[in-house]
Amino acid sequence: MLFDLWYRLRAIVRRRSVERDLDDELRFHIERQTQKYVSSGHPVAEAARLARLELGGLDQLKEQCRDARGVGLWEQAGQNLRLAFRSLRRRPGFSVVVVLTLALGIGANSAVFTAIRTILLQSLAFPDGHELVRLEQYEPRTASPPSAVATTRLEDWQRMSGTFQAISGYYPGDISETSGDVPERLAGAWVAPRFLQVWAIAPMLGRGFAPEEERFGGPRAVIVSERLWNRRFGSNTSIDGRRLRIGQDSVPIVGVMPESFQFPLREVDVWAPSPVDAPFAQDRRSTWFTAVGRVRPGITLTEAQADLDRVQAQLARAHPDTDARIGVRVTALKDVVVGDVGRSLWLLFGAVSVLLLIACTNIAALLLARTADRQQEISIRYSLGASRASIVAQLLTESLVLAVTGSIAGLAVAAGALRMLEVLGEGLPRVAELRLDWMLVAYSLGCAVGATMLFGLFPALRTASRRTSDALAARSRSVAPSTQRLQWLLVGLQVSLAVPLLFGAGLLLRSFDALGRVAPGFQPERVLTFRISGHWGETTDMKALQRRMYLTAEALQAVPGVEAAATALAAPGVPFEHQTEVRIVEGDSAPNQRILASTRVVSAGYFATMQIPMVTGNPCPQDAPTPTAVVNRRFAALYAAGSVPVGRHIQQVPANAFLGAARIVGVVGDAREEGLNRQPPPIVYWCHAAPVPAPLFLVRTRMEPMALASTIRRKLGELEPRRSVYEMAPLEERLSETFAENRLRTILLTFFAVTAVSLAAIGLYGTLSYFVHMRRREIGVRMALGAPRHEVAVSFVRHALKVSLIGCVAGLALAAVLGRGIAGMLYGVSPLDFMTFSGVLLLVLGAAVFASAWPASRAARVDPMDVLRME
Amino acid sequence: MGDERIDLPQGTLDLLILRTLAIEPQHGWAISERIQQVSRDVLQVPQGSLYPALHRLERRGWIKAEWGISEYNRRAKYYALTRTGKAKLAISAEGWRKLMTAVGLVMDMK
């Protein structure tokens, strides 16, 4: 063993010519000195011995020579590197486990870090994106979310405020482009003046809108996306004479926006001016603009907010009827875009950080076991004259090689994970912007170096302390008790870190399960949804628009396989979040009580189509001379004091131009219209088939809904060839989309938790294997003295279980504290859920038994004779 | 012969090596032999320190090494004084003489 090592060291040393020279030089010296002794009468063997003796320890001498030459750090590092690779190759199992552990830890961490940086920290991909804000008007008296802005008010804000470079707005509107054989639906946006000025992005071809094009009755013009331009006109660079055919009109294209410009939505292909001086735009109650603005450089959100508050207060005095009860809210556009994905991302970041910590602990335990195993080798190197620094450097090099390999693998994992995130998180904001970048590389390398320090330095210093090595030279095959305790501590630590992750994942999974078993109060299965293109101009004749909807619904019902059809402003079960204050006209029971209700606008046939049961009265009528409405049971119970509200009239506060006082015709059962995870709110269903030109069509089918898709398209094509049909999807798909983020975070957290437990199990396995290996002599002796084999095995498993149990209890305590943090993400399960608690406990203990079974059985197979022979 | 030997004072080995090489290039063994001979066996170069010292001087650029053929037709590493080495030797020798004189004065005081 010693001889072997000696040779190996020499072999490495001889690699370089400098080293060979040193060898030759010293050998020459010894030869000459031997000759000298021989010539003075010593026997040859004695002479050689004397010559060597005079020179002292050859290795030590060479080391000193190397030091004297200052054998470059590089050379030393190169040699360390070679040694490291060699020694890692000798234990492929160990190396692979460590690299994989690191790859998972660093990879997952880097991916989530990139997501956080891109989505939360980076400003939007517009010039000076931090200056962009969303402006909203809201009704301070209701809990209703801020709404769109009236055209005149938008112009007033622009004119009277002093902190903005520009304020503009837009609203989506679909366009049926009819120059081809089949009308094509194009996603469009109608924009207020100064739209491009707010984004500070110039068209790649052509120009923005001219002032006369933004005036009512002025020449028409559109700007199109690069995508549409390329599809229609190839890579043609001349914009002259290019036109789109919109409905009956041929409209010139004046500009092309580059692909990078994706606002308000990624799929918008056409932008057209919305004239602010149009007669229909003068009503201060008609709100339709989503307002955006760009503040002047250096202006903070608070300053902009204060400025607009002042402006709105002036407007309130000028227009007391319409503006007195309106507040303004200024929000950074980035926060609007990102929404509350942040919460999920920080949760995941916490989870992967814990994962990385477990990974490092795991590797520390593995490395500790391995270096303890190498004490003998190291003490031999000491006795051959290696310095402490060189041994520490050697061990650190090994760790660094592992860390770098691990982080390269980790980068691959991160790249894969990001791609997966892009696929899984399709609906999430800014997912398309995710890119691996240098920051991520730096971060990953930082992790690697940190991990190396964390898990490399400690075992290295520990092993290289001469005291330990002396002790171990004397007693080479046993484990110092302090090392044992430390390793078990690390195992317990891993378990206690993995448990909260597992617990969190368990809670999210149970929430999902509970969500799946919710009775929503309507039947989401076998419903096909889609929209049919319409134009806002049609809203001038609401009667005709409604008639069109009912004609279409009748035609749909005639399609074989269709049970019922209806329209609605929004899909049931998808949060619409439009809460308004209403007033029961005849209600004098409680004049001071504010009545807040969710607003839904539905056509006749909606309740039949969605199978929401009637409680009393009738569903929405198809032809009613005056406005009608239906309320749900909860509304009746809350606001009609138990009496049947049918026949009374209900009105929005403040009075709405489109939905006047409506007669309540019926009461329906409670349905979870605002999301499957929310209790049904009090709801007013206003009966109107077409509050917007393109409401959502809901068609109940007898079979799988998408099977009817092409039949329905054909039928609608026959009915109205100029209109396009789009956004066709089963209702269940729309419902599932609302849980996309929820699902993604559940999947990811579960994945992290499983990885964490696997790592902890690997750590347990590695540690126990090592102990079994080191204590073979003791086991052999115990067996020779008559201890039964199974007892030996059980004692190991028992110890593993004890440590896991302690770790588990600590982890669950931690989980109970952390559980509060995710309470807001849970549904139908308490953050201290007992089932989840016990499930986690069972799972971890099961994993512990599983991981310790193999090492324990190896302990049981120790042959006492073998061990005794080894002594 | 052992009784007459004295250990080399700190720092003098470098000086002795340089002085020896000032006569002609030599390999390590010969250097130690020469020092021993010239000092009439009083100075014994600790062989463990000789080679580190040679390598250190080489690194500093005071001496340079070249492989040559030795007296017994063997490959040996010959060291020679460089120009820097010569200058250093002059300075060190001067310093050494001053020190010797000074120490002598002190030792001879009455």
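User: What's the mean pLDDT of chain A, and what share of its residues reach 70 or more?
Analyst: The mean is 81, with 86% of chain A's residues at 70 or more; pLDDT is the predictor's confidence in each residue, from 0 to 100. This is a predicted model, so local features need pLDDT of at least 70 and side-chain atom pairs count only at 80 or more, while totals for chains, interfaces and linings use all residues. Residues are numbered from 1 along each chain as its sequence is written, with chains lettered from A and ligands numbered from 1 in the order in which they are written.

User: Where in chain A does pLDDT stay under 50?
Analyst: Over residues 1-12, which have seven contacts beyond four places in sequence. A contact means C-beta atoms, placed from the backbone, within 7 Å. Residues 471-477 of chain A are also below 50. Where pLDDT is low, the predicted coordinates should not be read in detail.

User: Switching to chain B: what's the strand order in the sheet?
Analyst: E1-E3-E2, an open antiparallel sheet. Strands are DSSP E runs of at least two residues, helices H or I runs of at least four, numbered from the N terminus; two strands pair if DSSP finds at least two bridges between them.

Notes. Two residues are in contact if their C-beta atoms, placed from the backbone, lie within 7 Å.
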